[in-house]
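User: I would like to learn how to read several local features of a protein model. Please begin with the terms and then turn to the case at hand.

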Amino acid sequence: MSGAGPPADGLWIVGPGRTGLALGLLLHRAGAAAPLVYTGRGDAAPAHPLFAADPPAAAYLPWRAAPPAALGGLLLAVPDAAVPDVAARLAGLPLPPHVPVLHLSGSLEMDALAPLARAGHSVGGLHPLCAVADPVEGADRLRGATFGVEGEGAARALAERIVRAAEGTALELAPRSRTAYHAAAVFASNYVVALLAVAERLMASAGIPPERARPALAGLAAGAVDDVRDHGPAAALTGPVTRGDAETVARHLARLSGDERRLYSLLAAEALRLARARGLDAEAAARLAALIGGEPGDRPPPG
């Protein structure tokens, strides 16, 4: 598969971490990145199927090596805090002229790639809206994923080529919107995990061990997520708030510890907004608001 801009389909991925390796493995399997070259801090390639074959599917270069010559694009798959420094270092190298550059950060604006833009490179962002916990299994997780895309010209063409190879979907981000976009992603992924950890802890206090509670809670959450996808948040909401059941909410609040109660109340306030949008009557909404808007005195949970 060839992209617009430079004729080569080769990719140079700086940062052999979980996301960089998983994305490279996906692109290799799709035949969309040849040659495929990685650069990392270590002198040797990490243990990964891309480097284990004979011959290897990807080459590995330490930082001190000269950059590869045949490049259709450059991906920065390094931690967010390292992107500006890495971009500045790359801008000082004899890179092929006008090679497009993408970073994989969800939160950094294009300013982070300013040294490369000043050097004449088209720059953009390509963020997989997907949790990649493993550098091998992540290749399957990335297939069909949604990617937040930003950039113009050759950078945009490179991003679209990668999304097509992943059989994914592109979300076009407005300029300088990445912080809000990434915060949304954190709510939808990281904080869901945190909430499930709270739910698992409460299940344990009810005598249900984690190995029994975890699949049950994950299944419950998956069903709710499916309903949000299919019908939207307001229609998907179930539970005591949407029913106007202040008595059940009061019992929950009385049972929870102080930190748990504060978290429950904040989330219940968001649920109440959705319930009002669905037509919850004003009297029931007022009773719920009185419960979750004020902090009752901290009481230890029952033993």
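Analyst: Helices (H or I, at least four residues) and strands (E, at least two) are DSSP runs, numbered from the N terminus. This is a predicted model, in which local features need pLDDT of at least 70 and side-chain atom pairs count only at pLDDT 80 or more, while totals for chains, interfaces and linings use all residues. Residues are numbered from 1 along each chain as its sequence is written, and side-chain values use heavy atoms, with hydrogens and water left out.

User: What is the phi of Glu167, and is Glu167 buried or exposed?

Analyst: Glu167 is not a glycine, yet its phi is positive, about 55°. The residue lies in the loop between helix H6 (153-165) and strand S8 (169-172). For accessibility, buried means under 20% relative accessible area, exposed over 50%, and partly exposed in between (1.4 Å probe, protein chains only). Glu167 counts as exposed because its relative accessibility is 56%.

User: What is the phi of Arg176, and where is Arg176 found?

Analyst: Arg176, again not a glycine, has a positive phi of about 60°. Arg176 is placed in the loop between S8 and helix H7 (178-188). With 57% relative accessibility, Arg176 counts as exposed.

User: How many salt bridges does a search of the whole structure find, and with which residue does Arg176 form one?

Analyst: Side chains of opposite charge can pair when their charged atoms come close. A salt bridge is a side-chain nitrogen of Lys or Arg within 4 Å of a carboxyl oxygen of Asp or Glu. Searching the whole structure gives 16 salt bridges. In one of them, the side chain of Arg176 meets that of Asp111 at 3.1 Å, N to O. Asp111 lies in the loop between strand S5 (101-103) and helix H4 (114-118) and Arg176 in the loop between S8 and H7, so the pair ties together parts that are 65 residues apart in sequence. Asp111 is partly exposed, at 48% relative accessible area.

User: Which residue meets Arg214 in a salt bridge, and which residues are joined into one network?

Analyst: Glu200 meets Arg214 through a side-chain salt bridge of 2.7 Å, N to O. That pair also links distant parts of the chain: Arg214 is in helix H9 (residues 210-231) and Glu200 in helix H8 (residues 190-205), 14 residues apart. Arg214 is partly exposed, at 47% relative accessible area, and Glu200 is buried, at 19%. Salt bridges that share partners join Arg156, Glu160 and Glu172 into one network.

User: Is His121 buried or exposed, and with which residues is His121 in contact?

Analyst: His121 is found in the loop between H4 and strand S6 (123-128) and, at 9% relative accessibility, counts as buried. A polar atom of its side chain lies 2.9 Å from the backbone oxygen of Val99. Contact means heavy atoms within 4.5 Å. Leaving aside neighbours within four places in sequence, His121 is in contact with Leu95, Pro96, His98, Val99, Val101 and Leu116.

User: At what angle do the axes of H13 and H14 cross?

Analyst: Two packed helices are described by the angle between their axes and the distance between the axes. Axes are lines fitted to C-alpha atoms, for helices over the stretch in contact, and angles run from 0 to 180 degrees between N-to-C directions. The axes of helix H13 (residues 258-277) and helix H14 (residues 282-293) come within 10 Å and cross at roughly 165°. H13 is therefore roughly antiparallel to H14; angles under 35 degrees count as roughly parallel, over 145 as roughly antiparallel, 65 to 115 as roughly perpendicular and the rest as oblique. The contact is made by Ser265, Ala268, Ala269, Leu272 and Arg276 of H13 and by Ala285, Leu288, Ala289 and Ile292 of H14.

Technical notes. Polar contact = N/O pair within 3.5 Å; in protein donor to acceptor, adjacent residues only side chain to side chain.
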